[in-house]
Amino acid sequence: MGPSSGGTISEDEIKAAVDKATATTPETVEKTIVEALPQFGVEESEISRDATFEQLDVDSLDLAELSQIIEDEHGVQLKGDDVGKIKTVGDAIDLVVGRAA
């Protein structure tokens with residue numbers, strides 16, 4: 001994607017670049033979660049798709065805050081029922097990506 005013929009970047013090109021940068025993919029959602037969990041006292045080295053939130057000592061209030069971060073970053077809202085079904089980091093990633101599609 002380069003500048004349009006006038007030498008400036010069009011509004012459409014900017015929008016496309018922003019959409020691509022904020023695309024909700026498993027990688028971007030995982031990055032959001034990995035960056036957010038340390039604020040709840042989780043060591044980054046303990047975070048994996050298979051790690052349960054219970055193993056990571058992330059409680060329901062932490063999950064509610066994490067779901068707000070996910071909504072802010074990816075525009076995907078997780079309701080109370082959803083949060084109750086999420087057991088692992090991978091569950092959260094898959095649910096967010098599935099909802100965003």
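Q: Against which helices do the buried residues of α2 pack?
A: In this predicted model, the buried residues of α2 pack against α3 and α5. The residues concerned are Val29, Thr32, Ile33, Val34 and Ala36, and packing here rests on contact, that is, on heavy atoms within 4.5 Å.

Q: What makes the chain one of helices, and how many are there?
A: The secondary structure comes to five helices and zero strands, so that, read along the sequence, the pattern is α-α-α-α-α, where a run counts as a helix if it has at least four residues.

Q: Which residues of the largest nonpolar core touch the most other members?
A: The core has 23 residues, and those that touch the most other members are Ile33, Leu37, Phe53, Leu66 and Val89. Helices α2 (26-36), α3 and α5 (89-100) each supply at least two residues of this core. In general, nonpolar side chains tend to be buried together in soluble globular proteins.

Q: What is Phe53 in contact with, leaving aside its neighbours within four places in sequence?
A: Phe53 is in contact with Leu37, Val58, Leu63, Leu66, Ile86, Lys87, Thr88, Val89 and Ala92. Of these, Leu37, Leu66 and Val89 are also named, together with Phe53, among the core residues that touch the most other members.

Q: Why is Thr88 called buried?
A: Thr88 has a relative accessibility of 15%, and because buried means under 20%, the residue counts as buried. Its place is in the loop between α4 (80-85) and α5, where, not counting residues up to four places away in sequence, Thr88 touches Arg49, Asp50, Ala51, Thr52 and Phe53.

Q: Why does Asp82 count as buried?
A: The relative accessibility of Asp82 is 8%, and since the cut-off for buried is under 20%, Asp82 counts as buried. This residue lies in helix α4 and, leaving aside neighbours within four places in sequence, is in contact with Gln77, Leu95 and Arg99.

Q: What share of the contacts with a separation of 6 or more comes from residues 24 or more positions apart?
A: Such residues account for 55% of the contacts in the chain with a separation of 6 or more.

Q: How many cavities of 30 Å³ or more does the structure hold, and what makes such a space a cavity?
A: The structure holds one cavity of 30 Å³ or more, and the largest cavity has a volume of about 40 Å³. The term cavity applies because a 1.4 Å probe fits there but cannot get out.

Q: How do the residues that line the largest cavity divide into nonpolar, polar and charged?
A: The lining is formed by Phe53, Leu63, Leu66, Ser67, Ile70, Leu78, Val83, Ile86 and Ala92, which divide into eight nonpolar, one polar and no charged. The largest share of this lining, four residues, comes from helix α3 (residues 60-74).

Key. Residues numbered from 1 in each chain as written. Predicted model: local features only at pLDDT ≥ 70, side-chain atom pairs only at ≥ 80, totals over all residues. Heavy atoms only, no water. 1 Å grid on protein atoms, 1.4 Å probe; cavity = no way out; pocket = protein on both sides within 12 Å on 5 of 7 lines; lining within 4 Å. Points joined across faces, edges and corners; volume = space filled by probe spheres on them. Nonpolar A, V, L, I, M, F, W, Y, C, P; charged D, E, K, R; others polar. Core = buried A, V, L, I, M, F, W, Y, C linked by side-chain atoms within 4.5 Å. Buried < 20%, exposed > 50% of the residue type's maximum accessible area, 1.4 Å probe, protein only.
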